[in-house]
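This report goes through a single protein chain from its overall surface to individual side-chain pairs. Please keep the sequence and the model in view while reading.

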Amino acid sequence: MDNYRFSRTFLSDSGCVSCPRRWGLRLWVTVLAVSMLFCQVAGFRRRITDRTYVPLTPIILNTTASNYTYVTGETAILYCAVENLGTKTVTWRRANPSVILTVGLYTYFGDSRFQTQNVLHKDQWNLHIRNVSLDDQGRYECQVSTKARDIRRSFYLNVKEHTSTIHISGTTYVEKNQRLVLRCNASSDSYPQDDLDWFMNGHKVESSDTEGITITKSVAYRSQTIWSELVIAHARMQHAGTYICRTSDKLVTNIKVNILNAGKDNVKRGTEKSDKGLLFEDTKSQKESYSSPLTGSWTLIFGIIFCVLS
């Protein structure tokens with residue numbers, strides 16, 4: 001009994017009276033954690049063995065158009081949406097003649113104008129054709145690389161020739177030191193021209209403060225039209241000639257301008273020379289009117305004398 005008391009007192013003095021309770025709590029927590037982990041692993045294995053895995057098959061969606069029309073010079077884009085692609089790749093090819101253009105993002109065909117761009121959030125593998133031409137018109141195929149090669153969709157690209165019109169207007173006859181105004185506009189069926197240039201007798205005309213020449217330009221993207229106005233504040237004789245308006249696509253039109261020197265070669269009605277001419281003509285007509293009665297009287301006298309003598 002004394003030994004028991006001594007050992008209890010010793011344990012109390014050493015601070016280990018609560019050791020059995022602490023170790024018991026830790027043991028229960030450990031057992032509970034191991035049990036929960038075992039249940040989770042067992043349940044996961046049961047779910048894996050009960051479910052049969054079926055791989056998803058790639059599908060080319062019909063959410064995009066199959067016919068596209070572009071104008072020469074534009075960048076043509078053919079849209080192909082593919083779902084459940086997985087590890088497969090998308091191949092673009094031309095149907096006739098049968099030519100592989102791109103494989104994934106790699107351009108297989110030896111023409112850098114053809115490129116494939118992947119739009120991740122739309123699952124799209126789109127074929128881009130830069131600077132499209134009439135030779136690019138035809139049928140194309142978007143195909144998923146499988147053994148059967150039966151996952152594909154056909155697209156048709158129609159290419160129209162770029163057409164532009166150009167028109168020039170203005171006064172063809174301008175008096176010296178008067179204002180000369182010429183206007184030119186060019187329109188297109190796809191996009192406006194980049195620029196308009198003016199030429200006079202083969203020489204390029206540019207804005208000049210010393211010469212009094214002003215060229216203004218404006219563009220309307222809605223109507224695909226560009227305008228240019230050429231203004232010469234005081235036209236001189238050297239400004240006469242053929243003016244040409246040329247677009248960036250080398251489409252040209254022209255107009256011929258004549259500068260009139262009214263004080264030298266050309267006489268307008270109401271000027272001094274014109275009034276003198278009119279006064280001379282009036283005097284001449286008055287003389288003729290005065291002489292006509294005298295001529296009639298002498299004729300009558302000679303007629304009477306001839307009758308008496310006969």
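## Overall chain

The accessible surface of the chain amounts to about 22200 Å², and carbon and sulfur atoms account for 56% of this surface; accessible areas come from the Shrake-Rupley method with a 1.4 Å probe, and for residues only the protein chains shown count as cover. The model is a predicted one, in which local features need pLDDT of at least 70 and side-chain atom pairs count only at pLDDT 80 or more, whereas totals for chains, interfaces and linings use all residues. Residues are numbered from 1 along each chain as its sequence is written, and side-chain values use heavy atoms, with hydrogens and water left out.

The chain holds three helices and 20 strands, where helices (H or I, at least four residues) and strands (E, at least two) are DSSP runs numbered from the N terminus. Of its 310 residues, 28% count as buried; buried means under 20% relative accessible area, exposed means over 50%, and partly exposed lies in between, with a 1.4 Å probe and protein chains only. Among contacts (heavy atoms within 4.5 Å) between residues at least 6 apart in sequence, 58% join residues at least 24 apart.

## A three-stranded sheet

Three strands form an open sheet in the order β3-β9-β8, with antiparallel pairing; two strands pair if DSSP finds at least two bridges between them. Because β3 (76-78) and β8 (114-119) stand at the edges with a single partner strand each, one side of each is left without a neighbour in the sheet. Neighbouring strands of this sheet are turned by 25° against each other on average, direction ignored, with axes taken as lines fitted to C-alpha atoms, for helices over the stretch in contact, and angles running from 0 to 180 degrees between N-to-C directions.

The antiparallel strands β3 and β9 (residues 124-129) are joined by three bridges, and L78 stands opposite L127 in β9.

## A nonpolar surface patch

On the surface, I100, V103, Y106 and Y108 form a nonpolar patch that has about 420 Å² of accessible area together. Patches are made of residues with over 30% relative accessible area and no salt bridge, like charges being joined within 9 Å and nonpolar side chains (Val, Leu, Ile, Met, Phe, Trp, Tyr) within 5 Å. One of these residues, V103, is found in strand β6 (residues 99-103) and is partly exposed, with a relative accessible area of 33%.

## Salt bridges

With a salt bridge taken as a side-chain nitrogen of Lys or Arg within 4 Å of a carboxyl oxygen of Asp or Glu, the count comes to eight. In one of them R113 pairs with D136, the closest N and O atoms being 3.0 Å apart. R113 lies in the loop between β7 (106-107) and β8, and D136 in the loop between β9 and β10 (138-144), so the pair ties together parts that are 23 residues apart in sequence. Both R113 and D136 are buried.

R183 forms a salt bridge with E229, with 2.9 Å between the closest N and O atoms; this pair links distant parts of the chain, R183 being in strand β14 (residues 180-188) and E229 in strand β18 (residues 225-232), 46 residues apart. R183 is partly exposed at a relative accessible area of 45%, and E229 also counts as partly exposed, at 23%. In a further salt bridge, between D195 and K217, the closest N and O atoms are 2.6 Å apart.
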